[in-house]
Amino acid sequence: DPSVIKEKTFGLGLVPQYSIINGTRIDLDFRLRNRRQWLVVAPQFYIVNKNSTLWNFDEMAGVGIDLQHRIFLGEQDGPKGVYFAWGPVFQLYSVKDQGLAAYNFQEGDVTYIGLRDEPIHTRIYKMGGNLLFGYQPPLNGAFYLDFYLGTGIRFSFDNRQSGLHGYYNEWWGDLGYSGTLLVGGFRFGVYF
């Protein structure tokens with residue numbers, strides 16, 4: 001019965017495409033006073049070990065959060081149909097890898113900088129925002145499907161003195177990507 005979903009005030013969902021990048025995203029949807037407006041809080045968790053086929057570093061662990069203000073367009077009362085969403089994104093990654101690290105050495109009265117191969121621990125901080133359009137088809141009961149597409153912007157920084165290493169910013173899917181990108185996917189879940 002589609003009227004059942006009108007009374008729901010909380011949703012719990014998953015975004016399965018995050019598993020492709022060794023992550024998990026859980027969406028928590030909270031209805032605001034206006035029945036067509038929702039706040040989505042989406043925590044993310046990432047774990048990569050040395051045996052990953054997608055990433056080429058020893059270890060990575062990360063956390064993140066997306067916040068969205070979602071506004072359903074049209075006359076319906078519940079969370080269904082076409083919507084517009086916007087909001088900030090923050091992610092933090094801790095990467096352990098082998099690489100060239102700078103070190104200082106003295107020869108006489110002169111200080112030189114050299115490079116040596118050693119374990120490197122890099123923390124990457126990424127922030128930005130998304131603008132999305134989506135569609136939640138009306139389903140029977142409290143279950144939902146959600147398809148979305150939009151654009152986003154990301155700014156990434158790391159803990160290295162020389163700035164963000166290019167290795168982490170080669171294309172829009174990299175951990176340290178800075179720039180604009182397409183954002184899209186689907187999610188599914190249930191309203192309570």
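A: Two strands count as paired if DSSP finds at least two bridges between them. With that in hand, β7 and β8 run antiparallel and are joined by 12 bridges. Bear in mind that this is a predicted model.

Q: Which residue in β8 is the bridge partner of Ile 153?
A: That's Thr 180.

Q: And how many bridges join β6 to β7?
A: 12, and those strands run antiparallel. Ile 124 stands opposite Asp 158 in β7.

Q: What sits between β6 and β7 in the hairpin?
A: Six residues. In that turn, Gly 141 has a positive phi of about 80°.

Q: Where is the non-glycine Asn 22, with its positive phi?
A: Asn 22 is in the loop between β1 and β2. Its phi is near 60°.

Q: OK, over to β1. Which strands does β1 join?
A: There are five bridges from β1 to β2, residues 23-31, and four to β8, residues 179-191. Both pairings are antiparallel. Phe 10 stands opposite Phe 30 in β2, and Gly 13 stands opposite Gly 189 in β8.

Q: Switching topic: what about the nonpolar core? How many residues are in the largest one?
A: 25. Those with the most contacts inside that core are Phe 57, Met 60, Tyr 93, Val 95, Ile 124, Tyr 148 and Leu 175. The elements giving two or more residues to this core are β3, β4, β5, β6, β7 and β8.

Q: What is Tyr 148 in contact with?
A: Leaving aside neighbours within four places in sequence, Tyr 148 has contacts that include Val 15, Gln 17, Arg 25, Tyr 83, Leu 132 and Phe 133. Also among them are Val 183 and Phe 186.

Q: What does Phe 155 touch?
A: Tyr 125, Lys 126, Met 127 and Ser 178, not counting residues up to four places away in sequence. Ser 178 is 23 residues from Phe 155 along the chain, yet their C-alpha atoms are separated by 4.6 Å.

Q: Which element gives the most to the lining of the largest pocket?
A: β8, with four residues. The elements that give two or more are β4, β5, β6, β7 and β8.

Q: What's the lining like by class?
A: The lining of the largest pocket has 17 nonpolar, six polar and five charged residues.

Note on methods: Residues are numbered from 1 along each chain as its sequence is written. This is a predicted model: local features need pLDDT of at least 70, side-chain atom pairs count only at pLDDT 80 or more; totals for chains, interfaces and linings use all residues. Side-chain values use heavy atoms; hydrogens and water are left out. Ala, Val, Leu, Ile, Met, Phe, Trp, Tyr, Cys and Pro count as nonpolar, Asp, Glu, Lys and Arg as charged, and the others, Gly among them, as polar. A nonpolar core is a set of buried Ala, Val, Leu, Ile, Met, Phe, Trp, Tyr and Cys residues joined through side-chain atoms within 4.5 Å. Buried means under 20% relative accessible area, exposed over 50%, partly exposed in between (1.4 Å probe, protein chains only). Contact means heavy atoms within 4.5 Å.
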